[in-house]
Amino acid sequence: MYFDKKKAELDDFTYPIGTTIDRFIAQKQAEFPQATGELSQLLKDIVLASKVISREINRAGLSGIEGMTDEENVHGEKQRMLDVIADVRFTRALVRGRQVCGILSEVSEGIIDAGNPNAKYVVVIDPLDGSSNIDVNIAVGTVFSIYERVSEPGTPFTNEDFLQEGDKQIAAGYVLYGASTMLVYTTGYGVNGFTYEPSLGEYFLSHPNIQQPESGEYFSVNENHFEEFPTKIKAYIKQCKDKHLSTRYVGSLVCDFHRNLLKGGVYLYPSHHLSPDGKLRLSFECNALAMIAEQAGGVATDGEKRILGIKPTWHQQRSPFYCGSKKMVEELLAIDS
Ligand code: P6P
């Protein structure tokens, strides 16, 4: 005999599941009648690869893929297996999605030819930033930038396509493989965050229209080379301590950036004698996060110039990186050098 469930009892089973990322992307595309759907497809290709990487990371400890390969990257740094796996997953999804003509990956040597010379977009990606943290189960991230190529569609891509300043980004975002997997991105019209529900294999809009608090209680910096930091930075760090702000430094850029984005705070990676141009890479890490920060009301600078206005001269160009809550970064910039 069937029980007649009262409507109120059904509410537990009929609550709205929310907006999936695919539906969100489609809704945003509809706001631009001239949109062809190429950017939407490209974003979905990144979403797909991120789901696969989320699964690999969440079982890394069991599948023996936490260790190192015998490969080195362009900096002579040993590559981890998950770096390579993430690189393969993202580049394969992008190539098969057919919306990019070329991919510049922090893991791969040189520009990857996507075999789609008519595609109008290029992607610059750090497939797995902070991957050394995986062995100790600390969150890591993917950082990506989407640019419109400057070379003619139908011709081979050029080096210039991958040396554009951050202001030229069509879209930028990151994936944080943390306690939950989140994808946060912008196309220049605000910042939105999506949380992955593995049991459904879907991202759902969980953080609409993210606004970075104008100030915050956190500053993120590794002070191992404090004495060699620029004077302005040393003075700013002392200011933070005098205000009893809290140091929060995970050593995983996307993690630190995401916390500061939601709670308010500032991330500092200064130049010092061992890294005269800073450690972070302008094209692979700084530009995407700087676009997200500015779109959310924050500020991103190299200590003098806006990050997004810096024209890279080479793919691996590094930059000092000071990024976060508007008032906190402005206080840093206001300090006389
Ligand atoms: P340090 C990871 O290697 C990374 O690129 C970022 O994710 C992180 O914020 C930074 O370097 C950590 O660098 O010198 O503090 O170990």
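**Pockets of the predicted model**

The second largest pocket has a volume of about 410 Å³, where a volume is the space filled by probe spheres set on grid points joined across faces, edges and corners. A pocket is an open set of points, on a 1 Å grid over the protein atoms alone, where a 1.4 Å probe fits, with protein on both sides within 12 Å along at least five of seven lines; lining residues have an atom within 4 Å of a point. This is a predicted model, in which local features need pLDDT of at least 70 and side-chain atom pairs count only at pLDDT 80 or more, while totals for chains, interfaces and linings use all residues. Residues are numbered from 1 along each chain as its sequence is written.

**Second largest pocket**

- Its lining holds 19 residues, and Gln29, Phe32, Ala35, Leu39 and Tyr121 are the closest to its centre.
- Helices α2 (21-30) and α3 (38-58) each give two or more residues to this lining, and α3 gives the most, with four; helices are DSSP runs (H or I, at least four residues) and strands likewise (E, at least two), numbered from the N terminus.
- The lining comprises nine nonpolar, six polar and four charged residues.

**Largest pocket**

- About 520 Å³ of space lies in this pocket.
- Among its 27 lining residues, Asp129, Gly130, Ser131, Lys279 and Arg281 lie nearest the centre.
- Strands β2 (78-80), β5 (121-129) and β13 (265-269) each give two or more residues to the lining.
- Domain 1 (17-207) and domain 2 (218-334) each supply at least three lining residues, with bounds from an automatic or database domain assignment.

Conventions
Heavy atoms only, no water. Nonpolar A, V, L, I, M, F, W, Y, C, P; charged D, E, K, R; others polar.
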